[in-house]
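Open the model in your viewer and keep a selection panel at hand. The tour goes stop by stop.

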Amino acid sequence: MKQNVTKVKSADLELTEKVVAIKRVAKVVKGGRRFSFSAIVVVGNGDGVAGYGLGKANEVTDAITKGIDDAKKNLMKVPVLKGTVPHPQKGKFGGGRVLIKPASAGTGVIAGGAMRAVLESAGVHDVLAKSQGSSNPHNVVKATFDALLKLRDPRMVADQRGVKLSKVFNG
């Protein structure tokens with residue numbers, strides 16, 4: 001299935017950052033262990049644009065800063081329809097598998113930690129989501145983005161089929 005990835009420039013957007021996970025990693029050297037940190041960060045404008053990035057450094061703050069810079073380079077457009085996703089979709093990355101479903105207004109974001117950060121950054125306010133595979137935050141974030149990028153905007157579907165927007169929803 002072909003994904004409709006639309007890259008977005010971060011220069012003119014008000015982006016919010018959310019740190020999803022920080023890990024301390026150790027490298028064993030001759031004199032003992034050397035510790036460094038890796039941080040996965042999600043940024044978004046809350047209006048259909050989101051991205052994620054990974055930063056690694058010897059200090060936590062440096063790792064987060066690098067992650068934010070990486071996330072700003074990888075911003076993508078996500079179709080959001082009336083505060084929810086247009087249709088149910090599954091996403092997969094490595095061992096991480098996620099399922100996202102549209103929800104009625106007022107439901108809120110029903111999702112776990114890493115998925116919640118991605119969906120809130122993208123501007124999805126009402127959604128039912130389930131992480132079905134690995135709970136590794138890196139894989140869950142990437143699987144969530146996989147699912148979001150597979151979503152098809154109703155206007156785009158109407159144009160492809162050559163029908164009106166109301167026909168797409170009502171059959």
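Which residues of the largest nonpolar core touch the most other members? Select V85, I100, M115, L119, V127, V141 and L148; this core has 27 residues, and these seven positions have the most contacts with other members. Keep in mind that the model is predicted.

At least two residues each come from β2 (32-44), β6 (96-102), α2 (113-122), β8 (127-131) and α3 (137-150). The top contributor is α3, with seven residues.

Now centre on V127. Skip its neighbours within four places in sequence, and V127 is in contact with T84, V85, I100, K101, A103, G108, V109, I110 and L119.

In soluble globular proteins, nonpolar side chains tend to be buried together.

Switch to cartoon for the sheet. Its four strands run in the order β1-β2-β3-β4, and the sheet is open, with antiparallel pairing. Look at the edges: β1 (16-29) and β4 (76-77) have a single partner strand each, so one side of each has no neighbour in the sheet.

Two bridges join β3 (residues 49-57) to β4 in the antiparallel sense. Pick V49: its bridge partner in β4 is K77.

Last, show the helices over the sheet. Helix α1 (residues 60-73) lies across β1, β2 and β3, at about 145° to β3. Helix α3 lies across β1, β2, β3 and β4, at about 155° to β3.

Key:
Residues numbered from 1 in each chain as written. Predicted model: local features only at pLDDT ≥ 70, side-chain atom pairs only at ≥ 80, totals over all residues. Heavy atoms only, no water. Core = buried A, V, L, I, M, F, W, Y, C linked by side-chain atoms within 4.5 Å. Buried < 20%, exposed > 50% of the residue type's maximum accessible area, 1.4 Å probe, protein only. Contact = heavy atoms within 4.5 Å. Pairing = 2+ DSSP bridges. Axes fitted to C-alpha atoms, helices over the stretch in contact; angles between N-to-C directions.
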